Amino acid sequence: MKSRRSILWRVLLNGALLSTIVWLPWWITIIFILALVARFRAYEVLLWGVVADALYAAPASVLVGLPMFFTLAFTALFIVAEYSKRFLVFY
Amino acid sequence: MQSSRRQHSTSFRIVLLAIVIALAGTVVAQVVPGMRGVLHRAALPLWQIGSLSDNALGSVAAIVRSRASFQREIETLKKDMRVLQLMTLELPLLAEENRRLQALWSRRSYDESVLGRVLARPSATPYDTFVLDVGSLSRVAKGDLVLVENVAIGTVSNVFLRTSIVQLFSAPGVQSNISIATSSIPVVARGIGGGNFIGEVPRGINVEKGDVVVLPDVSSRVFAVVAEVQADASDPFRTILFQLPINIAEIDWVEVVIEGARPFQIEEDAHEESS
């Protein structure tokens, strides 16, 4: 029962995250990413980063012509969250 | 001790897996031909819904505004209109003079253009890019100039079937050759984001706040206006901050200049290019 609710939350958060990527400012997207990585081991955020870069980035951006701001930011948030969970008592 | 080592090893595996997923995803999305086009095609209906809801919300907001605020706005707009009417009196004369001069020197600048709706703009993304609802089906091609009225704001950097990405000249790191209209001095403007630019001119050149900056071409396009001139007594150059004369967050429609008469292409661009 608990796991079903957890899956539902995860799906809802991912849906909301997609909406923020398409419609809302990028910093709201970051807030939803934080919520996801704090609550779950959400590997899917890495793919959302790739999707966001594919939708918006232009080639003149940094990093050997591969525009990947979102991918790097989301990966960094994921890694930091996973490391932090080791030191937090409620995980 | 052993438990801590196992925990450390698990964390290392998670980090490694995350990096592998991110790298693999990036390679697939950016390098595999057609992948970005597929994502753009999937996102297009969502962007269109967003545009429609923006319009609807705007209409609702207009209905609920008070009568007094409407009257204030009408008065302000009337004043602005009078000023603009005076300013535009000489425009037909200047356009005619420009046309004659170009004809005299056998130069022409009759480019075709396509109107595009802005589906996503910089507030949605930290990149200084626009997503437009016109693509290769509308004969848009990489490198096409994008205008708002006569203000050049960027060039098309990626073209998909029904959408395209416009990189703004103000994107961080983008350099553009421009000239200051009053002095015709060539300047390199470097984008610093949000419709702002920075450049340098020799101290002897007279540049004032409000001067118009143009993209040098057969038909000069407005590029920006000088927002600030910073001078240091020990520096032989002056730093100039330029600004787009329009707010990029308020741009809904743009004009994509299709250079030359390109034939209608579908098959060639059906699988979009990615860079």
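**Figure 1. Buried area between the two domains of chain B in the predicted model.** Domain 1 of chain B and domain 2 of chain B bury about 890 Å² between them, with 63% of that area on carbon and sulfur atoms.

**Figure 2. Domain layout of chain B.** Domain 1 covers residues 2-76 of chain B, and domain 2 covers residues 112-259. The C-alpha centres of domain 1 of chain B and domain 2 of chain B are 24 Å apart. Eight residues from domain 1 of chain B and ten residues from domain 2 of chain B take part in the contact.

**Figure 3. Polar features of the domain interface in chain B.** Which counts describe the polar side of this interface? Two residue pairs are in polar contact across the interface of domain 1 of chain B and domain 2 of chain B, both residues of a pair being at pLDDT 80 or more. The number of salt bridges between domain 1 of chain B and domain 2 of chain B is zero. By class, the side of domain 1 of chain B that touches domain 2 of chain B has two nonpolar, five polar and one charged residues.

**Figure 4. The interface of chain B and chain A.** Here 37 residues of chain B are in contact with 33 residues of chain A. The two chains bury about 3,100 Å² between them, and carbon and sulfur atoms carry 71% of it. Within chain B, the residues that lose the most area to chain A are Ile14(B), Pro126(B) and Tyr127(B), which together account for 19% of what that side buries.

**Figure 5. Polar contacts and contributing elements on the chain B side.** The elements of chain B that give two or more residues to the side touching chain A are the helices α1 (2-31) and α2 (35-64) and the strands β2 (129-132), β4 (151-159) and β5 (164-168). Which element gives the largest share? That share, 14 residues, comes from α1(B). The side of chain B that touches chain A divides into 21 nonpolar, 15 polar and one charged residues.

Notes: Residues numbered from 1 in each chain as written. Chains lettered and ligands numbered in written order. Predicted model: local features only at pLDDT ≥ 70, side-chain atom pairs only at ≥ 80, totals over all residues. Heavy atoms only, no water. Contact = heavy atoms within 4.5 Å. Buried area = accessible area lost by both parts, 1.4 Å probe. Polar contact = N/O pair within 3.5 Å; in protein donor to acceptor, adjacent residues only side chain to side chain. Helix = DSSP H or I, 4+ residues; strand = E, 2+ residues; numbered from the N terminus. Nonpolar A, V, L, I, M, F, W, Y, C, P; charged D, E, K, R; others polar. Domains from an automatic or database assignment. Salt bridge = Lys/Arg side-chain N within 4 Å of Asp/Glu carboxyl O.
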